[in-house]
Amino acid sequence: MKPTAFLLGLVALILLSLPVAAILGNLAIVMDYFWNDGRLQRTFGGFLWEKSNQYLLLSIPLFILLGEINLRSGMAGKMYNSVAKWMSWLPGGLMHSNIGTSAIFAATSGSSVATAATIGTVAYPEIKRRGYNERLFLGSVAAGGTLGILIPPSVLLIVYGVLTQTSVPELYLAGVIPGIMLAGFFSAMILIICVVRPEMGGDRIFATWGERVRALVDLIPPGVIFLGVIGTIYLGWATPTEAASIGVVLSLILAALNRSLSTEMLMASFEGTVRTTSMIMLIIFAAMILNIVVGFFGAIQAASTFIGELGLTPVQLILLVVAFYVIIGMFMETFSMMLTTIGIVFPLVMTMGYDPVWFGILVVLLMETALITPPIGVNLFVVQGIRKEGAPFRDVCIGSAPFVVAMMVLVGLLIWQPGIATWLPEQVYGR
């Protein structure tokens with residue numbers, strides 16, 4: 001009765017489009033009040049104080065600040081032009097640059113929204129200038145942005161690591177190969193479509209080898225940041241939190257060298273960091289409170305018993321989890337999905353003997369699809385916001401559809417060959 005009431009209440013509040021933190025926190029308080037006379041609420045303060053002191057959580061605002069500084073430093077425009085000289089001779093032209101630049105920028109920001117907004121702002125004027133199909137071009141920007149939560153450093157992987165007590169460095173390593181593969185699948189999808197329908201590909205950009213080599217200079221700053229963050233982690237010189245602070249310092253130095261460091265830029269970066277961090281932390285703590293109440297009332301045990309009675313094989317369970325996340329991803333954004341579901345889904349999957357690192361990559365990949373599936377795909381709204389008023393929203397949705405197919409192909413490959421995610425951590429850590 002209580003687990004059923006919890007699920008029905010959660011779904012009803014989500015459908016009302018209330019703020020996620022309010023949904024999670026109030027649902028926990030109401031359930032505790034009606035079924036436990038509010039006794040659990042006496043433990044909330046001490047529990048939250050203990051959890052908020054986790055050192056790893058400090059990396060979240062630092063990585064967000066890193067992305068905010070890179071967003072405003074002018075790095076993206078130079079990166080885009082550099083990648084264009086190397087990739088835009090392919091059928092599909094600058095759409096391959098959208099994917100390539102997004103992958104590189106994702107390695108310095110950790111945010112899908114920041115990646116989509118930055119690359120979209122730089123790329124959008126090229127649609128009419130070079131005769132691209134607007135739907136597919138916008139879809140490539142929205143899809144490229146999703147790489148921000150898979151390619152390290154990823155804020156969502158940190159949240160998963162905190163919630164499941166999984167090693168963040170291992171998760172970061174596990175995300176590298178799938179992230180590169182996904183970027184390749186996106187470009188392959190563009191290539192196939194533009195070979196079949198050449199009129200959708202726009203004008204290609206051809207550059208000499210000399211121009212390409214000279215353009216590599218503009219890829220040095222993101223490379224420096226990536227090596228400074230990820231390199232220090234795997235050399236054992238820094239924890240993820242310390243590596244995030246190193247990334248912030250490097251981004252400030254590079255912004256100063258680029259002559260884009262100013263008081264106005266810093267204040268805008270700080271403001272964006274505070275706004276995003278506050279939202280994320282409020283949701284995290286509300287979800288932690290709800291997990292206490294849900295665990296106390298036996299919802300996790302009830303779900304485990306129900307799944308056990310179904311007699312599902314491990315593969316059948318994973319396919320059920322995939323279908324579950326694809327469906328709810330149409331109505332929830334990524335942090336909400338992670339924080340409301342992982343407390344129930346993770347224990348069920350672990351009882352089947354799956355690797356927590358592998359499952360983390362699978363879950364984040366499924367949450368990437370949520371970013372570009374209507375009606376609540378956040379990246380769809382970000383890209384739509386770059387366009388002129390009155391442009392139909394369905395254009396972005398239709399243009400993103402082929403890239404959802406590419407994501408599902410990678411999901412299938414991950415289930416078939418888990419080593420895609422686990423091989424690199426195994427080589428480095430001997431797991």
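## Basis of the model

Helices (H or I, at least four residues) and strands (E, at least two) are DSSP runs, numbered from the N terminus. Val30, for example, is placed in helix H2, residues 20–36.

This is a predicted model, in which local features need pLDDT of at least 70 and side-chain atom pairs count only at pLDDT 80 or more, while totals for chains, interfaces and linings use all residues. Residues are numbered from 1 along each chain as its sequence is written, and side-chain values use heavy atoms, with hydrogens and water left out.

## The chain as a whole

The chain has 22 helices and zero strands. Of its 431 residues, 52% are buried; buried means under 20% relative accessible area, exposed means over 50%, and partly exposed is in between (1.4 Å probe, protein chains only).

A contact means heavy atoms within 4.5 Å. Among the contacts in the chain with a separation of 6 or more, 78% are between residues 24 or more positions apart. The accessible surface is about 18,300 Å², and carbon and sulfur atoms hold 69% of that area. Accessible areas come from the Shrake-Rupley method with a 1.4 Å probe, and for residues only the protein chains shown count as cover.

Helix H9 covers residues 134–145; at 1.5 Å a residue its 12 residues should span 16 Å, and its end C-alpha atoms are 17 Å apart, which agrees. The expected span is 1.5 Å times one less than the number of residues. In H9, 10 of the 12 residues are buried, including Leu136, Phe137 and Leu138. Asn133 caps the N-terminal end of H9, with a side-chain oxygen 3.2 Å from the backbone nitrogen of Arg135.

The side chain of Arg135 also meets that of Asp395 in a salt bridge, 2.9 Å from N to O. Asp395 lies in helix H21 (residues 394–416) and Arg135 in helix H9, so the pair ties together parts that are 260 residues apart in sequence. Asp395 is buried, at 11% relative accessible area, whereas Arg135 is partly exposed at 34%.

## Salt bridges within helices

The structure holds four salt bridges, each defined as a side-chain nitrogen of Lys or Arg within 4 Å of a carboxyl oxygen of Asp or Glu. In one of them, Arg72 pairs with Glu68, and the closest N and O atoms are 2.2 Å apart. Both residues lie in helix H4 (residues 59–72), four residues apart, or about one turn of the helix. Arg72 is partly exposed at 32%, while Glu68 is buried at 12%.

Arg275 and Glu271 form another, at 2.8 Å from N to O. This pair is in helix H15 (residues 263–296), four residues apart and so separated by about one helical turn. Arg275 is exposed at 51%, and Glu271 is partly exposed at 48%.

## Two buried residues

Tyr172 lies in helix H11, residues 168–196, and counts as buried because its relative accessibility is 0%. Leaving aside neighbours within four places in sequence, its contacts include Phe63, Pro152, Ile230 and Tyr234. Tyr172 and Pro240 are 68 residues apart in sequence, and their C-alpha atoms are 9.8 Å apart in space.

Ser82 is in helix H5, residues 75–87. At 1% relative accessibility, Ser82 is also buried. Beyond four places in sequence, Ser82 is in contact with Ala215, Leu216, Asp218 and Leu219.

How values were computed: A polar contact is a pair of N or O atoms within 3.5 Å; within protein, one must be able to donate a hydrogen and the other to accept it, and residues adjacent in sequence count only if both atoms are side-chain atoms.
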